[in-house]
Amino acid sequence: MSTQYASKEMIRVEEALDRALGIIEPLEAERVSLTECGGRVLAQDIASDVDIAAFDNSAMDGFALRFEDIQAASAENPITLPIAGHLGAGSVYEGSLEAGKAIRIMTGAPLPQGADTVVKIENVEVIGESEACPAGAEVRIGATDKAPKRGDNVRLRGEEAKAGDVLLCAGERLTPAAVGLIASGGTAQVPVYRQPRVAVFSMGSELTSAAETPKPGQIRDSNGPALAAAAQEAGALVTLVPHIEDSREALRSTFQELAHKQKYDLVVLSGGAAEGDFDFTASVIREMGEILFNKVCMRPGKAQTLGVIDGVPVFGLPGNPAAAVVGFEVLVRPLLRKMQGFVAAPRPVVKARVTQDIKKREPRRFYLRARLEREASGELVVTPAKNQSSALLSSSHASNCLLILPEGLNPATAGDVVDCVCVNITEGEVV
């Protein structure tokens with residue numbers, strides 16, 4: 001990367017994302033256990049080493065038999081068959097089922113050779129059950145109105161997949177069902193994209209930790225924990241670094257430590273991102289590496305900075321808590337998802353009718369914290385939080401979406417349809 005972008009340049013959100021995603025590639029693959037792979041992305045195709053199911057088996061508790069022996073059964077003409085055995089899951093019936101007989105069978109047990117149908121236990125009458133003969137002596141079929149059909153309640157060998165079939169493709173997200181499927185196919189160590197290692201810290205001489213009682217002029221660091229939680233929720237492995245003072249030297253030293261030997265895949269800083277006397281983020285990144293942007297046409301938080309130091313992306317977010325959280329959601333989260341192999345799909349965006357007028361006094365794109373609700377009619381409505389101060393996290397906590405007002409000065413009037421980003425729904429899922 002050779003371009004140093006002008007510090008006065010304020011770019012659109014889409015361009016910021018393009019520049020950011022352009023320097024990110026999925027991380028290398030690693031193999032993890034079946035209990036660790038849930039929710040992650042496959043790095044290569046997975047094939048089955050066996051047929052699934054591996055043998056014809058019973059889908060129900062009942063009686064395995066030859067359909068030709070009971071095809072004439074009816075309520076007026078029930079057919080009684082002797083019970084030749086009792087077969088549980090994991091057991092195999094030796095030999096072939098004789099004509100005119102039935103086997104009491106449990107769900108998952110292999111279908112005896114010669115049998116082609118299973119009649120559910122609820123649809124038969126068992127005769128002669130006793131402590132000495134728990135399977136019963138005979139089974140009467142046809143006495144209910146549930147006429148059996150050939151092949152009923154039988155899972156066939158290879159019904160789901162044949163040996164060698166690809167079960168899942170590279171790039172697919174491992175849902176619980178997907179994990180079970182590849183386990184059935186013999187995969188115990190799963191190739192997935194590595195989770196990004198992310199360092200998060202805050203900058204501000206006024207900061208103290210959550211465990212300390214603030215002294216006059218001090219506030220507790222809320223940004224660090226909030227952004228660490230956001231990175232964890234996005235799938236990252238997070239190190240929360242102690243906050244630092246407002247000092248160019250402290251910032252340079254921290255960047256050197258965190259970017260050294262690419263210990264982390266991404267460094268996220270909040271604070272010092274604007275252009276005040278103690279805002280050093282953009283200038284220090286420019287001194288130590290390369291900068292892609294440091295102003296984005298959005299509110300809250302136009303002071304969004306992305307650069308690269310020693311090959312490590314470094315993102316500087318605003319110091320105001322809500323602005324930092326929104327900036328992370330809009331600009332940082334997509335980077336973390338791409339690192340993990342997720343397709344670059346955004347959070348779901350829905351259209352909803354706004355419940356009140358919204359003024360707009362500046363042309364930046366607004367991301368308003370808001371609450372989506374579905375009315376009895378099924379229509380979605382959205383209500384912005386009363387207080388949109390970028391210093392407040394409570395509004396973010398109470399919200400489930402970001403209401404978007406596009407660039408320009410056009411306000412929104414109650415009843416207008418607006419776009420809303422569903423921040424409580426994972427990328428790629430349907431609302």
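Me: Contact means that heavy atoms lie within 4.5 Å. Leaving aside its neighbours within four places in sequence, which residues is Glu427 in contact with?

Reply: This is a predicted model, where local features need pLDDT of at least 70 and side-chain atom pairs count only at pLDDT 80 or more, while totals for chains, interfaces and linings use all residues. Residues are numbered from 1 along each chain as its sequence is written, and side-chain values use heavy atoms, with hydrogens and water left out. With those neighbours left aside, Glu427 is in contact with Arg333, Arg337, Ala345, Pro346 and Arg347.

Me: Which side chains does Glu427 join through polar contacts?

Reply: A polar contact is a pair of N or O atoms within 3.5 Å; within protein, one must be able to donate a hydrogen and the other to accept it, and residues adjacent in sequence count only if both atoms are side-chain atoms. The side chain of Glu427 has such a contact of 2.5 Å with that of Arg333, and one of 3.4 Å with that of Arg337.

Me: Is Glu427 buried or exposed?

Reply: Buried means under 20% relative accessible area, exposed over 50%, and partly exposed in between (1.4 Å probe, protein chains only). Glu427 has a relative accessible area of 15%, so it is buried. Glu427 lies in the segment after strand 26 (417–422). Helices (H or I, at least four residues) and strands (E, at least two) are DSSP runs, numbered from the N terminus.

Me: How do I read helix 7?

Reply: Start with length. The expected span of a helix is 1.5 Å times one less than its number of residues. Helix 7 (residues 321–339) has 19 residues and reaches 25 Å from its first C-alpha to its last, close to the expected 27 Å. Next comes bending, taken at a residue as the angle between axes fitted to the seven residues ending there and the seven starting there. Helix 7 has a kink of about 45° at Val332, shortly before the proline Pro334. After helix 7 comes Gly341, with a positive phi near 90°.

Me: Why is helix 7 called largely enclosed?

Reply: Because 16 of its 19 residues are buried, helix 7 is largely enclosed by the rest of the structure.

Me: What is the strand order in the open sheet of 6 strands?

Reply: Strands of a sheet pair through backbone hydrogen bonds, either parallel or antiparallel. Here two strands pair if DSSP finds at least two bridges between them. The order is 7-4-6-5-9-8, with mixed pairing. Strand 7 (117–120) and strand 8 (124–127) are at the edges with a single partner strand each, so one side of each has no neighbour in the sheet.

Me: How many bridges join strand 4 to strand 7, and how many join it to strand 6?

Reply: Strand 4 and strand 7 have 4 bridges, in the antiparallel sense, and Ala64 stands opposite Val118. Strand 4 (residues 62–65) and strand 6 (residues 102–105) are also antiparallel, over 3 bridges, with Gly62 opposite Ile105.

Me: Where is Arg104, and is it buried or exposed?

Reply: Arg104 lies in strand 6 and counts as buried, at 12% relative accessibility. Its C-alpha atom is 6.4 Å from that of Ala64, 40 residues apart along the chain.
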